[in-house]
Protein chains: 2
Amino acid sequence: MSYAQAMTTIKRGGSGQATGERELIERIRGRVAGLARVGRGGLRLGIGDDCALLRIKAGEELAVTTDLALDGRHFRLDWHPAESVGHRTLARGLSDLAAMGARPVAAFLSLGLPPELTRSQRRQKPWVDRFYDGLLALAEACETPLAGGDLAESPLALADIVLVGAVRQGQALLRSGARAGEALYVTGRLGGATLGLELLAAAAGKPRRQKPPDAESALGPHLYPQPRLEQGQTLARRRLATAAMDLSDGLSLDLARLCAESGVAAEVEAELVPCFPGATLEQALHGGEDYELLFTARAGARVPRAIAGVPLTRIGQMVKPRKGRPTVTLVKEGRREALAAGGWEHFAS
Amino acid sequence: MSYAQAMTTIKRGGSGQATGERELIERIRGRVAGLARVGRGGLRLGIGDDCALLRIKAGEELAVTTDLALDGRHFRLDWHPAESVGHRTLARGLSDLAAMGARPVAAFLSLGLPPELTRSQRRQKPWVDRFYDGLLALAEACETPLAGGDLAESPLALADIVLVGAVRQGQALLRSGARAGEALYVTGRLGGATLGLELLAAAAGKPRRQKPPDAESALGPHLYPQPRLEQGQTLARRRLATAAMDLSDGLSLDLARLCAESGVAAEVEAELVPCFPGATLEQALHGGEDYELLFTARAGARVPRAIAGVPLTRIGQMVKPRKGRPTVTLVKEGRREALAAGGWEHFAS
């Protein structure tokens, strides 16, 4: 309903209201009610009141992050299965908590949808239900109750996710903690999400298969990225990392940000970069949305080879920044070159 | 940049990025940095890392709320001054905290804007700067630091606000606490926001005045609603209210929601309803966006006449629900009639 129509409704007054939104909210409420118990007891009051109420433990502080996803920009309704849009929406937020070493306490979702996405079409499940299938499956796997949010009819499909996490005071992993002489690490393998995106783009317009691609397919790293929560929490708890962030916009751009916040420079050794099978070094260096963790550790730190089955790989080191030298240097076949940021930024002209 | 363009950028790799978004973020960061100090010390780390870090006091719990506002639905770029859009965005979230009796700890804003709203036009301040003028003025008045958020280019202007508040454990005002026999109250006066909206609609299309209307004008209650934070916190601290919520969709609809959550019915006495000067009873009963508080109190409770200059008015009582009787009854000139919900709901067909 438009603003002008809403006004008409106000003036009409007393009219019985169609209950589209309430019904949708009730349906979601029913689905998420079971999930309220999956968390570790932080959620006291969820959907239905003016605010959700949460508790954290004494000695913890809160980590809060928000991520906005828009159709045509962060996902494409004509490319991404609805389940993947739901999964990716939550994964982006959880990945920010992972980067701080925080445990998830609750998620909040603001959803704006064209009305046709909330209705059943050709006897298929409504898009919004499949979106929640994807989002709630990840929420359950990561013990994150969906505690509230907002819902509005919108000409543009959009999802804004808020994650509230908790971390022991003083243990949060910041971007600003890296020092020259420390080693630089990543979790997992890089470039898989970009490789998947290119496969997805190549398949666009071709006839759809019956079953949407799942996490096990070659599109998996793009469609169903896994937030590195256990890795981040372990790095924080054991005080292994001096700084950390998640790789959302590509190693080259994100590493430059970590350097800026820490006031240091970095060298990446090309042959150490763990490329996802089939991905090129370019994709691993500049591709976005891998949602792996980038972190630094003191030279002598005993960083394990893997945490919960995910490898940790040293890819370079932090060095002193020098005037006239690039912030991030790539060392490749004995040669040194500037590693310019190859990711992308919004509002770029 | 579209998703497809983003892909091209990934493939191109290594290209220097235009810094539109980063510049905008830096500008906002500079403006909000001062504000980080306005809160009562809850904010430890703001914009610039993966998450913001917040602390609350021992014995407190968290109240979290999100509100999504879209152009054409919750505001109109061609009707509302940018300052008002910013103010209203934050006011909606603060009002939810007020309804729970919580104090604000921090706000988070996800903003999606068409690029022209981020640029200076005809030597005027960019729209986004005026939006922040309105939002940050209210943030300062309500001691609420803006601690983070997200930003994206969007064909549709939208703002999703998240408020994190704190309230002493067990003191939060819920919608579910009302019992039969209790008295029903509102803060302030009702109908002013709808009256203002109608004035705004009438002025639409006519030549703009040089100066946008301010909070003191007849449009004030619509353009610059005041969240009742002090009133809500006092009601919670003194345990005066048994249930509370804020009036966002109109008394008739919101009271029905409070009744549903509490399992009671209500009677509203028409002559007791405090109408905003110039507003009709219809506007006071059904008009949305007044952001006053609706609350219940035990029959013998000593509810003050005003808190911090804002009047508290008894407008009726809670009664036992009876089959075949309306949930909300209006008593007017000795007659009783059903008060049907006259607000509006999203996704209504």
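Predicted model: local features only at pLDDT ≥ 70, side-chain atom pairs only at ≥ 80, totals over all residues.

Modeller: Residues are numbered from 1 along each chain as its sequence is written, chains are lettered from A and ligands numbered from 1 in the order in which they are written, and side-chain values use heavy atoms, leaving out hydrogens and water.

Colleague: What makes E4(A) and E6(A) paired strands?

Modeller: Strands are DSSP runs of E with at least two residues, helices are runs of H or I with at least four, and both are numbered from the N terminus. Two strands pair if DSSP finds at least two bridges between them. Nine bridges join E4 (residues 103–113) of chain A to E6 (residues 158–168) of chain A, so the two are paired, and they run antiparallel.

Colleague: What is the order of strands in the open sheet?

Modeller: The six strands are ordered E5(A)-E4(A)-E6(A)-E3(A)-E2(B)-E1(B), with mixed pairing.

Colleague: Why do E5 of chain A and E1 of chain B stand at the edges?

Modeller: Each has a single partner strand, so one side of each is left without a neighbour in the sheet.

Colleague: Why is H3(A) called oblique to H4(A)?

Modeller: Angles run from 0 to 180 degrees between N-to-C directions of axes, which are lines fitted to C-alpha atoms, for helices over the stretch in contact (heavy atoms within 4.5 Å). H3(A) and H4(A) pack at about 40 degrees, with their axes 6 Å apart. That makes H3(A) oblique to H4(A), because under 35 degrees counts as roughly parallel, over 145 as roughly antiparallel, 65 to 115 as roughly perpendicular and the rest as oblique.
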